Amino acid sequence: PEMARRRRRRRTKRKRKKKRKKRKKGGGGGRARDGTNLGLDDYLDILSGWLKDGDGDGDGDGGGLLDRLRERGYRTLDAEGACSESVPRSEQERLWDRTDPDGVHSGRALRRMLCFDFDYPHCVGGDPAARHLTRYAERFIDEAASWSSSSSGGERRSGGEEARPKRPWAAILRFAEGDEDTMALSGTLDPILSSFLRGLNEGDRDDGSHLRDTAVFVTSDRGIHYGPYLQSPSGRREYYEPMLLARLPTNGGSVVGTEEREALRSNARGGRGYTTHYDVYETILHLAAGRKRAAGDGAATSGGLSRGVSLINAPLPRARSSCRSAGAAEEYCDLIERFRTARDDAQQELDEAEPTARVGRDGGGVEVGAAAGGTCAAAPHPPPSLLSFYADVDRNDRFRWPKCEHAAASSYDPSLGEKIGSSGSCLCATSHDTWRACGAKPPELGSRVEGGTKDEDDERAYMAMVDCPGEVLRYDARIPRREDLVRRSEEALARRWSPTPPAAADNSGAEPAAAAAERPRSKKPPNVLFLEIDSISIPYADRHFPKTRELLARHRMRRRRVGADDGGDLACEGGLCSAFFSNFGIVGPNSVSNQAAALGGCVVVPAGRDCEHRLPPGGDGICPDPSYREYGLKFFKHGGAKKSVWCPVREREDGGSVDDDASTWIYDVAKENGYVTFFGEEFCYPGSPWVIQTLVFEDDPDFAAHPAFCRLAERKVRLDPGASEAGNMYLFDLSGTPKEPEPCVDGTSGKPKQEIALDLIASMWDSYPDVPKFAYLNAMAAHDYAVDWGAMTLGSEEYDDVLSSFLGTMLSRPDANDTVILLRADHGLQGGPSIIDYAAQIEHRRPWTEMVVPANLQGVSLDNLAANQGRLATGFDLYRTLQSLMLPEVPRGAEEGALRTSAQLPPSPEWSVDLLTSTLPESWTCREARIPPDHCPCEFERPDPAPRYGVCNRFESGTEKFCTPPH
């Protein structure tokens, strides 16, 4: 054994010497994200014995921290909350070979217990490994403290035996929860550590708690160092920014006085320079020795600079103010300079630009002055998500949603007619009527609805259900062709090309037949299909929508190869071009704020934090302060208790300041320009505080999907009276449970609910081939925040089958060359247990956005569309693009005299861009794109990329704590 110990000492000595030579080339360093100045080096090496602080040959009289403390009479503990055998050999050596040969303070018993093979990772028995570590430490502290009172001298044991002299204690506890990809386990340490420290503070010692005469340092060796996110600038910066928290003993005696506490506070506030773990080393020795170590007293040097200084002795020296002079890593210093330069440039651009020059309108594009801040670069590879585990398992090898039986069951089955007429117990419902006795026959689709919303409307039922005892719920839908909608479209298309409204023959407003025959007939604008899937990020789509992604990828724009070059014109499969926006940004945390931008061009901000208090009395309601996101917009309304809505305005034709009658709601714009409209929401939303329709804008589409879900909610109440306790029907969950899902209209039978809205859209395309159509659908397949991770994405994976089949059909229709398809998500996952996952916090600000455009669509520039794919775009740009599609003659240069004046155009945000005809500025910043800082995807603009424990949402109670505190 003695020879083995000597060999181990020699091996350790050689390793220490190699480490010192490597460190002389430059140690690590960093600045904490919360303003506390930190440094980086391997604190395990510094605190636990690798680094000898002698004169460089390893033979000095210094030692690792615990060695130095033991020399001063301390009882010591050095324990790890993980099994060393589960890490590479190099890590094992760093963890265990550095300790004294006899291992008296290495927590050997704990180590052996944690290396026992348990089924559930990270737990030993029924408790986390960290809990075992803190309990082990508590026993050590209680035992050590019983012999470590602050009084001097000895004690008498029972029987008069002289007690051993009392000694102080020191414990180093290392928690391994941060050594994993998602950073989710790190959050589990918070209650364990707080409980452990609280227990020390509430000890049952006769002379008070343990913390009275104990200094506590909570630090980390480095930041995130796993996963592909580490390769991004923000990930690399986090690697160099560990945390440091320090608490001095309240009973510090002559060692810790007012001056020492003030010095620590001064250094913690930051601003004076960079600190390192060497400073922690020196601070602890200062406390243990009762004095600051004098220069040359075993202090290591590097490049002529002291390795460390005591943080309680005095403020940091000014030599530490420079990243490089502080000995920080070169890569970290380069990153700091890049972040600082980007921030300063953006601020300078904002300070120098006149408010009216920051954004300007020129047809369908924008004008900006100098380039601001550099190109926005989102993290290319977010951290791996916990959902990746389930996505990697073949769908056939795990639980799946059941297939719907009797999916084609129809209300018009001849055999059902006999049952309806004979029993009289069947109930019927339609898109316009709630449940009632069927009578002699089922309701007829396309039948006129009495008492329409407007006298001139020819409203007709387009959905029917029949519910008979013992029978599967039967569902049918078909969009009818309404002549009143066709007339409305024709009249709107005629007005598009007329500088003045057509003359009327009488007071009724009807156009004379002769005038109608002579008016010019304009080309029908393209159909617009806007499919939004709630809560899907780009990585989420890659994991759970592979069929849809593959379908759209086949239509990507590609350059025709010319000779040996890759130049040439852009071409797409079948003349249908798909654009994938990899740098798309969200403009708010929730659906309402992002839908308001894309469907209304409006900014939604938390009430009380907006520009409303800056409005002058009796003014026009336009925000005058450029420091607000809603600058230049007019206050529209309060959309609920916590939301303020600000929308763009246009000048009045009579010279007034603003036109209050100009609606920005895309459905008003669509109807004004001859479109038949459809609005799809896959739940019974009336009264909901989480929807843009009715909450912000008036809800009046020609056809809608939500009546079907309202009928299903009404049926649920009828069959299950206890369901009414949920209150409003928008709160009803019609999806079943994670283990017993109900994907069909009648549980696991009848029409699949995911197909209801898509079938209605396809039916509208069939019924109105000669009329421009606009359809918007907010699909809820991914809006599943269940606690069961394995079941959370089942609906999305089933919807991938449905959606890819639907899009494949739409892209193969004859009218596909006259249809623009926009597929996007409003944001990533933002609720349930997923927000604890660091990947979900990053993915939340990276929504999936794609667009399919006919290559021969009038005025479209495929080159501009291709360039915009990688630039910072938002919902405001989608709104401008939708307007341009509905008014194709305005930005695309129709003949002279046919254009209406700009005062007649629908208002749109001045900073927005038509993605089909203009290019986004390459240097666009989040500030210029009106993206809140907490949701900015740009690497060098994000205020704090660190893990939180949830997703920032200032509109919901309890989630604002995850946002960056205002400066």
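Predicted model: local features only at pLDDT ≥ 70, side-chain atom pairs only at ≥ 80, totals over all residues.

Entry 1, cavities. I searched the whole structure and noted 8 cavities of 30 Å³ or more. A cavity here is a set of points, on a 1 Å grid over the protein atoms alone, where a 1.4 Å probe fits but cannot get out. I took the second largest cavity, with a volume of about 70 Å³. It is lined by 14 residues, of which Leu387, Arg543, Leu829, Ala840 and Glu843 are the closest to its centre; lining residues have an atom within 4 Å of a point. Helix H17 (538–544) and helix H24 (838–843) are the elements that give two or more residues to this lining. By class, I list 6 nonpolar, 5 polar and 3 charged lining residues.

Residues are numbered from 1 along each chain as its sequence is written, and side-chain values use heavy atoms, without hydrogens and water.

I looked up helix H19 (residues 591–600) and helix H26 (residues 875–886), whose axes come within 6 Å and cross at roughly 25 degrees. H19 and H26 are therefore roughly parallel to each other (angles under 35 degrees). Their crossing is right-handed. From H19, Ala597, Ala598, Leu599 and Gly600 make the contact with Gly875, Phe876, Tyr879 and Leu882 of H26 (heavy atoms within 4.5 Å). I classed this contact as 6 nonpolar, 2 polar and no charged residues, with Gly counted among the polar.

Technical notes:
Axes fitted to C-alpha atoms, helices over the stretch in contact; angles between N-to-C directions. Helix = DSSP H or I, 4+ residues; strand = E, 2+ residues; numbered from the N terminus. Parallel < 35°, antiparallel > 145°, perpendicular 65-115°, else oblique. Left-handed = near helix turned anticlockwise from the far one by under 90°. 1 Å grid on protein atoms, 1.4 Å probe; cavity = no way out; pocket = protein on both sides within 12 Å on 5 of 7 lines; lining within 4 Å. Points joined across faces, edges and corners; volume = space filled by probe spheres on them.
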